[in-house]
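Welcome! Here are some exercises to work through with the model at your side. Try each task before reading its solution.

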Amino acid sequence: MGITRLSRAHLHGRQRQPIPVARWPDEEMKMAASRHVRSLLNADPSYEGELGSVRRLTADNFPLLRRMSMKRLVLAPDAIREPHWHANADELACCLSGTLLISVLDTADVFGTFTIRPGEMFHIPTGSLHTIENVGEEPAELIIVFSDERPEDFSLHAAFGAMSDAVLGNTFDLPASALAPVKRDTGSPILVRRSSAADIPAAAEYPDPHKFDIADETPPIDFPYGTARVARSQFWPSLKNLAMYSVVVRDNGMREPHWHPGTAEMGYVHKGHARMSILDPDGSVDTYELQPGDAYFIPRSYPHQIEVLGEEDIHFLIFFDQPMPADVGYRAAVSSFSRSVLAATFGGNAEDMPVLPLTTVDPLIVRRVNPVDADRER
């Protein structure tokens, strides 16, 4: 049974509201034992209340991270992620549920406002002022990745708080007294509530260079055992420092063992249960299980592999710290060398080597013809 398209329902998960995933104590111990994985759903919130929640994985709570970090943003209806910008990081976001209005000011004369729904993405360059509004009737959920392990935020609220009434008055050609009633300081409320109806311009439905509809993309990788849709600069020219693959693997498929030259990978498990193995430079192999809400990080060029556990499809949002990530898979790797070189590499005779398929282009997802290794160390 093949997968030809990744529907919005698949991305949305058919859930009306994001539900945190509980863990048993032994699962928490497994997570703590792996330096490559953390739970994003269970990360300490930087905001949690009636307006929603903000949870982050940065180098402070995920020390392995380099050039990437991740945030899960949940907005209640009428809630707004206040106007802000990031001083040292681009932002790449994927909507999992809800309806959002994004407003972006790149420079003094480049402004855009557009809607985002499940399966759609947006990109914000470093330093661009932007805000995120929930304009729907249900909670909205975003998975957001930044191009720095410790992104630095500035809010418009704090920026106004840094200036005196007189300075702001001069800025807006007003007397200083006109600014006195405006409450401000150099802190940040993070989430705020809209007190009136959302102002959604008709042009918000038009295409925008900050926006990309990955759910409606014809998948470049499309097999009966898995699909991959890609948000990279080849198809989305505004990307400069980040990219994302939306990957679905069925229970009869497997993500081929591979590595990414010069590119780190940070993934989020949206649906399903999986097992991943990573080879570290010291020769140790880290094998662990992943479940919905988990995030993992793989440094540049580290070999790794993903396979399904159970009968449910797995859906990953896989982010990269380059706009055009490259892969080297095991199939293409062995196709690059003669049988005699491979035999010498593995300490055998050429005639004893299995006949491996000639592969000039890595398939990314392969068919699984063997059962999961039940006795493999976890």
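**Exercise 1: the largest pocket**

The largest pocket of this predicted model has a volume of about 790 Å³. Find which residues lie nearest its centre, and which elements give two or more residues to its lining.

*Solution.* Start at the centre: of the 26 lining residues, Met254, Glu256, Pro257, Tyr330 and Arg331 lie nearest to it. Next, look at the elements that give two or more residues to this lining: the strands β18 (253-259), β23 (304-309) and β26 (365-367), together with the helices α5 (330-335) and α6 (339-345). Finally, sort the lining by class: 16 residues are nonpolar, seven are charged and three are polar.

**Exercise 2: the cavities**

How many cavities of 30 Å³ or more are there, and what lines the largest cavity?

*Solution.* The count comes to two cavities of 30 Å³ or more. Take the largest cavity first, with its volume of about 40 Å³. Its lining consists of Tyr245, Val247, Arg255, His258, His260, Glu265, Ile306, Ile318 and Phe320. The elements giving two or more of these residues are β17 (243-249), β18 and β24. By class, five lining residues of the largest cavity are nonpolar, two are polar and two are charged.

Now turn to the second largest cavity, with a volume of about 30 Å³. Val247, Val249, Arg255, Ile306, Ile314, Phe316 and Ile318 line this one. Here β17 and β24 each supply at least two residues, and β24 gives the most, with three. The class count for the second largest cavity is six nonpolar residues, one charged and no polar.

**Exercise 3: aspartate 321**

Locate aspartate 321 in the chain, decide whether it is buried or exposed, and find the polar partners of its side chain.

*Solution.* First, the place: aspartate 321 sits in the loop between β24 (314-320) and β25 (328-329). Second, the accessibility: aspartate 321 has a relative accessible area of 2%. Buried means under 20%, so aspartate 321 counts as buried.

Third, the polar partners. A polar atom of the aspartate 321 side chain lies 2.9 Å from the backbone nitrogen of alanine 264. The side chain of arginine 300 is joined to that of aspartate 321 by a polar contact of 3.1 Å.

Last, widen the view to contacts, leaving aside neighbours within four places in sequence: aspartate 321 touches Arg67, Met68, Asn241, Leu242, Gly262, Thr263, Ala264 and Arg300.

Definitions and conventions:
Residues are numbered from 1 along each chain as its sequence is written. This is a predicted model: local features need pLDDT of at least 70, side-chain atom pairs count only at pLDDT 80 or more; totals for chains, interfaces and linings use all residues. Side-chain values use heavy atoms; hydrogens and water are left out. Helices (H or I, at least four residues) and strands (E, at least two) are DSSP runs, numbered from the N terminus. Buried means under 20% relative accessible area, exposed over 50%, partly exposed in between (1.4 Å probe, protein chains only). A polar contact is a pair of N or O atoms within 3.5 Å; within protein, one must be able to donate a hydrogen and the other to accept it, and residues adjacent in sequence count only if both atoms are side-chain atoms. Contact means heavy atoms within 4.5 Å. On a 1 Å grid over the protein atoms alone, a cavity is a set of points where a 1.4 Å probe fits but cannot get out, and a pocket is an open set with protein on both sides within 12 Å along at least five of seven lines; lining residues have an atom within 4 Å of a point. Grid points are joined across faces, edges and corners, and a volume is the space filled by probe spheres set on the points. Ala, Val, Leu, Ile, Met, Phe, Trp, Tyr, Cys and Pro count as nonpolar, Asp, Glu, Lys and Arg as charged, and the others, Gly among them, as polar.
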